Amino acid sequence: MISSIPLSVVLTVLFTGTGLYSLLRWASLRTGAASHHGDQVAELSHLVMSLAMVGMVWAYGGPAAATLQLVAFGGFSCYFLARLVRSRSGGPAGCPAPGFHLLMAASMVWMVAAMPLLMAGLAIGSGGGGMVMDGHVMGGDEGASGPVVTETPGWALALTVLFCVGLLVGAGYWARQLRPARASGADLSGVQLGNKRPAEGAENLPAVEFGNRRPVADAENLPAVEFGNEEPVGGRTATATAAPAPARGRVLAALTPRADATCHLAMSLGMAAMFLVML
Amino acid sequence: MSETTVSASTELDDRTDLYPDGDPETAALPPAGSARAWWWRELRPLLLRVHFYAGLFVGPFLLVAALTGLLYTTTPQLEQLVHHDQLHVPVPASGGAATALPLSQQVSAAVAALPEGKVTAIRPAGTPDGTTRVVFAAPGVPEDYSRTVFLDPYTAQVRGILTTYGEWLPVRAWFDELHRTLHLGAVGRVYTELAASWLWVLTLSGLAIWVARRRRVRALRHTLAPRLRGAGRGRVRSWHGSVGLWAAVGLLFLSATGLTWSQFAGTNVDTLRAALHWSSPSVHTTLPAPLGLPGAPATPPASGTSLSPAELATTAERVLAAARARGLGDPVQITPASKPGRAWVVAQTQRSWPEKQDSVAVDPATGTVVDQLRFAEWPLAAKLARWGVDAHMGLLFGLASQIALAGLALGLICMIIWGYRMWWLRRPTRSGGTVGPAGGGPSGGRLTAGGPAVGPPGGTRRPGFGAVAMVGAVAIGVGVFLPVFGASLLVFLLVDALRQGRERVVAG
């Protein structure tokens with residue numbers, strides 16, 4: 001558990017926000033109400049990451065939760081790696097910025113797996129209660145009888161710094177996407193980290209358009225959605241529909257590429273901050 | 001391929017193959033525009049799909065739990081049959097009431113029969129024809145199990161030595177283990193947790209679908225009772241829904257109480273109960289420090305395991321006498337102190353109605369009662385938990401409980417079989433059926449001109465964004481509290497997302 005309550009609260013609010021946003025994004029993709037392209041697996045990974053981060057902040061969980069997280073984020077890492085390889089080989093990535101998502105998933109694996117090493121400096125003896133973040137410490141009570149690590153190994157420190165730098169670079173990338181001149185829907189939904197080539201090509205992005213006139217699935221059952229984004233999107237100018245905006249329409253309208261970039265930026269910074277706290 | 005949505009009316013109720021989803025109520029929705037229509041239109045397809053997919057994939061686990069649970073309901077009688085010799089003794093025919101030997105004498109005989117063990121509990125005979133049990137921790141016994149010596153209270157003759165699990169004899173312990181873990185240890189506990197975690201979801205979603213559906217078509221009789229005539233999926237669904245309706249309360253109860261035993265959710269339940277002060281209370285066993293008064297022991301009383309056999313036997317008798325003096329009637333269990341300076345505990349163990357769960361803590365050196373706790377003083381939540389656990393195990397009302405639980409298990413087994421039967425009847429590869437776009441498609445599962453409805457239930461309509469987001473938020477909260485539910489739900493969603501992604505690539 002992080003000793004600073006204000007920092008804990010800030011991180012909790014941050015990751016609750018990203019989790020909520022991911023949930024809405026996933027729901028919009030799952031129901032076909034999304035105004036632009038996305039990847040459900042990526043959104044679910046964001047959701048699980050956010051939950052895991054909140055859990056870490058408050059040391060909620062246990063050895064089983066740590067194992068579960070390792071499996072989940074290991075799986076997500078494999079998925080994003082496959083997407084990255086696929087996009088590199090010219091195929092459709094099916095996922096925006098797979099390189100960045102791979103970095104995030106791998107960071108989570110490292111964070112969970114290496115926490116005993118990273119938190120070594122903050123260990124509180126061998127009283128049986130585990131270390132500071134006992135919910136994520138391998139061993140727990142068993143660790144009480146073993147040697148207590150009092151210093152973080154150099155290699156673990158170096159690897160953590162490397163992840164931290166990677167996340168900050170990622171944050172910089174997403175911050176750049178927030179600049180109005182570059183806020184392109186096609187860019188945001190189709191790029192991979194360090195590679196601006198649209199992952200699926202424009203022709204494979206059927207829904208990367210705002211003011212969408214494409215007949216959305218089962219359109220008669222969908223709520224009237226107001227896409228209020230007036231920014232240039234993929235070389236087009238978004239148009240707002242004239243339909244009145246009910247609450248859910250406003251929610252859907254808020255799920256813009258800019259909001260996506262903000263969410264990614266927040267997650268990157270939050271995770272980097274968590275790494276720094278652990279050091 | 002042109003799609004033909006068939007409009008339906010209530011009088012065509014039996015023609016279920018004509019309806020999207022096979023459900024006539026699709027056409028019987030309230031007029032669009034009403035508040036209820038809005039949220040129900042969005043929520044219903046989601047509930048249908050959740051009920052369908054969860055039932056399809058969790059069904060086998062529930063089926064195993066129901067089957068093993070059904071077998072478990074027979075164990076009280078089975079135990080009496082198989083272990084009759086260990087449980088019962090002939091009552092000596094004497095002029096007056098038969099008199100049992102002093103407990104100390106019985107305990108001494110038990111210790112002599114199992115000298116390598118350490119006494120962990122003593123259960124004096126609770127009925128005239130019952131045996132006294134002396135429970136031992138012994139080498140070579142599996143974790144959580146004990147060796148129990150059964151004694152004739154009138155002769156101190158050993159009637160048998162068995163490996164027991166709590167108060168269960170081997171036959172009941174075997175079925176208990178089968179129901180809890182399938183004899184697979186900690187890994188096996190996940191199966192029951194998975195079943196219990198999804199049972200309430202299936203029950204509530206099925207209840208909502210069934211009640212709302214029938215309420216709309218204004219057929220109360222068809223809601224409460226199954227259709228005896230007719231054929232096909234409609235009739236199977238009628239049985240599935242009606243039986244489910246009647247069993248709903250019982251299934252929710254089994255799910256809730258089952259989760260309290262589970263590996264991961266059970267820990268959270270315990271934490272919650274502790275935080276809300278709902279935990280089962282227990283007597284305080286810490287003995288007051290010696291006051292230096294004349295007659296007070298200079299050293300703290302020894303623990304049960306460090307006493308000599310003779311001391312143990314006499315102490316047990318002293319402690320039982322003190323508890324009797326405080327009004328603790330049979331059946332009771334005496335638990336020696338686990339370490340020096342602690343009191344012995346005598347607790348009533350009757351788990352049938354009316355429950356007897358009073359307990360006292362007794363100083364083993366002096367026989368003084370140092371603490372007493374009556375069941376009547378337990379917090380209501382703790383009492384409810386106690387009654388819930390005992391009802392789940394078929395103990396609370398004896399045979400009536402067993403029959404009710406067996407009925408629930410049978411009902412659940414039938415519902416699972418009917419559920420799979422319905423799935424089979426609407427399977428996508430069914431002869432003459434036309435596979436419409438799947439759930440992820442624009443009109444997934446819509447009735448087509450080429451044949452009957454196919455695809456998953458609810459496939460004719462997309463769940464609304466609001467419904468998915470709302471249910472998703474609830475699922476996150478529940479998933480954190482019930483980790484196996486959360487993890488399995490995540491797996492479902494990931495598989496669904498990958499499937500949809502592949503369909504999109506193929507379609508693109």
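These legends describe close-up views of a predicted model. Local features need pLDDT of at least 70, side-chain atom pairs count only at pLDDT 80 or more, and totals for chains, interfaces and linings use all residues. Residues are numbered from 1 along each chain as its sequence is written, chains are lettered from A in the order in which they are written, and side-chain values use heavy atoms, without hydrogens and water.

**View 1. The largest cavity and its lining in chain B.** The whole structure holds three cavities of 30 Å³ or more (a cavity is a set of points on a 1 Å grid over the protein atoms alone where a 1.4 Å probe fits but cannot get out; lining residues have an atom within 4 Å of a point). Helices α1 (35-72), α6 (185-216), α8 (233-261) and α12 (399-425) of chain B each supply at least two lining residues (helices are DSSP runs of H or I, at least four residues, numbered from the N terminus). The lining comprises 19 nonpolar, nine polar and six charged residues, with Gly counted as polar and Asp, Glu, Lys and Arg as charged.

**View 2. Helix α4 (residues 98-113) of chain A.** Its 16 residues reach 22 Å from first C-alpha to last, close to the 22 Å expected at 1.5 Å a residue (1.5 Å times one less than the number of residues). In α4(A), 13 of the 16 residues are buried (under 20% relative accessible area, with a 1.4 Å probe and protein chains only; exposed is over 50%).

Methods: 1 Å grid on protein atoms, 1.4 Å probe; cavity = no way out; pocket = protein on both sides within 12 Å on 5 of 7 lines; lining within 4 Å. Points joined across faces, edges and corners; volume = space filled by probe spheres on them.
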